[in-house]
Amino acid sequence: MIRVLIADDEPLMRAGIKAILGTADDIELVAEAGDGREAVRIALERRVDVAVLDIRMPRLDGLAAARELRSVAPSVRVVVLTTFGEDDNIVRALSDGAAGFLLKDSAPEELLRAVRAVYGGEAYLSPMVTSRVVGMVAQVGQPRRQEAMRQVQGLTDREVEVLSLLGLGMSNADVGQRLHMSEATVKTYVSRLLAKLGLTNRVQAALLARDAGLAG
């Protein structure tokens, strides 16, 4: 069972998330929190696998809570929920290595996919979020573009292909289908890419692909 904590200061939103998680046989909601500080405390007290955090919360917002969790409870994977009113916070969350990123108006099945993906050690960035969030950093300055291009210079042609598709928000299965590789092979390529580039997860890889002009 995937043990999940949800944190949102709106009781109605928590109820909705709880209802969605309740439809999955492999996911168990172990705790709820009304703010980020409470979420961190509960995560330390209970065995939590995945924390679903709203960005806007009192006392400690979702981004600060995510950073603190990565410091004091690195085994807890974080999925961030947000609306599109806080572009700076969104980019910062991705750059800091948030494991999952969803819009609050995402389809219910996307939340389940995100929880399962981050629990399995992957990052989750839905195609809708990829096209809108990663696109926010598509228009990069020349120094940033040059640095990104320098970073990818040592990659093989196949690694560049995989990185480009990550930049489009594709899953391992999608990449495998496009490049005629097994999903296990794609996962190996992704792990190798992250190690070569010094990145934490595939979300950061997607941002780098955009900065380097590999994903249109």
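Predicted model: local features only at pLDDT ≥ 70, side-chain atom pairs only at ≥ 80, totals over all residues.
1. Helices (H or I, at least four residues) and strands (E, at least two) are taken here as DSSP runs, numbered from the N terminus.

2. Residues are numbered from 1 along each chain as its sequence is written, and side-chain values use heavy atoms, with hydrogens and water left out.

3. Overall make-up. The protein chain holds eleven helices and six strands. Of its 216 residues, 50% count as buried, where buried means under 20% relative accessible area, exposed over 50%, and partly exposed in between (1.4 Å probe, protein chains only). Taking contact as heavy atoms within 4.5 Å, 67% of the contacts between residues at least 6 apart in sequence join residues at least 24 apart.

4. Six strands form an open sheet in the order 2-1-3-4-5-6, with parallel pairing. Strand 2 and strand 6 (124-125) are the edge strands, each pairing on one side only. Two strands are said to pair if DSSP finds at least two bridges between them, and strand 5 (residues 100-103) and strand 6 pair in the parallel sense over two bridges. Within that pairing, G100 stands opposite Y124 in strand 6.

5. A helix on the sheet. Helix 2 (residues 36-45) lies across strand 1 (2-7), strand 2 and strand 3, and runs at about 130° to strand 2. For that angle, axes are lines fitted to C-alpha atoms, for helices over the stretch in contact, and angles run from 0 to 180 degrees between N-to-C directions.

6. UniProt lists D54 for "modified residue: 4-aspartylphosphate", in an unreviewed entry; UniProt positions are given in the numbering used here, feature names are shortened, and annotations may be inferred rather than shown by experiment. In the model, D54 is in strand 3 (residues 50-54). D54 counts as buried because its relative accessible area is 4%. Leaving aside neighbours within four places in sequence, D54 is in contact with A7, D8, D9, G62, L81 and K104. D8, D54 and K104 are also linked in a network of salt bridges.

7. Salt bridges at longer range. A salt bridge is a side-chain nitrogen of Lys or Arg within 4 Å of a carboxyl oxygen of Asp or Glu, and by this rule the count comes to 15. One of them joins the side chains of D26 and R116 at 3.0 Å, N to O. This pair links distant parts of the chain, with D26 in the loop between helix 1 (11-21) and strand 2 (27-33) and R116 in helix 5, 90 residues apart. D26 is partly exposed, at 29% relative accessible area, and R116 is partly exposed too, at 37%.

8. K196 forms a salt bridge with E159, the closest N and O atoms being 2.9 Å apart. Here K196 sits in helix 10 (residues 183-197) and E159 in helix 8 (residues 157-167), 37 residues apart. K196 counts as partly exposed because its relative accessibility is 45%, whereas E159, at 1%, counts as buried. The other buried residues of helix 8 include V162, L163 and L166.

9. R150 and E147 meet in a salt bridge at 2.5 Å, N to O. Both lie in helix 7 (residues 142-152), three residues apart, about one turn of the helix. R150 is partly exposed at 47% relative accessibility, and E147 is partly exposed at 36%.

10. A geometry check on helix 5. How far apart are the end C-alpha atoms of helix 5? They are 17 Å apart, which agrees with the 16 Å that its twelve residues (108-119) should span at 1.5 Å a residue; the expected span is 1.5 Å times one less than the number of residues. The buried residues of helix 5 are E110, L111, L112, A114, V115, A117 and V118.
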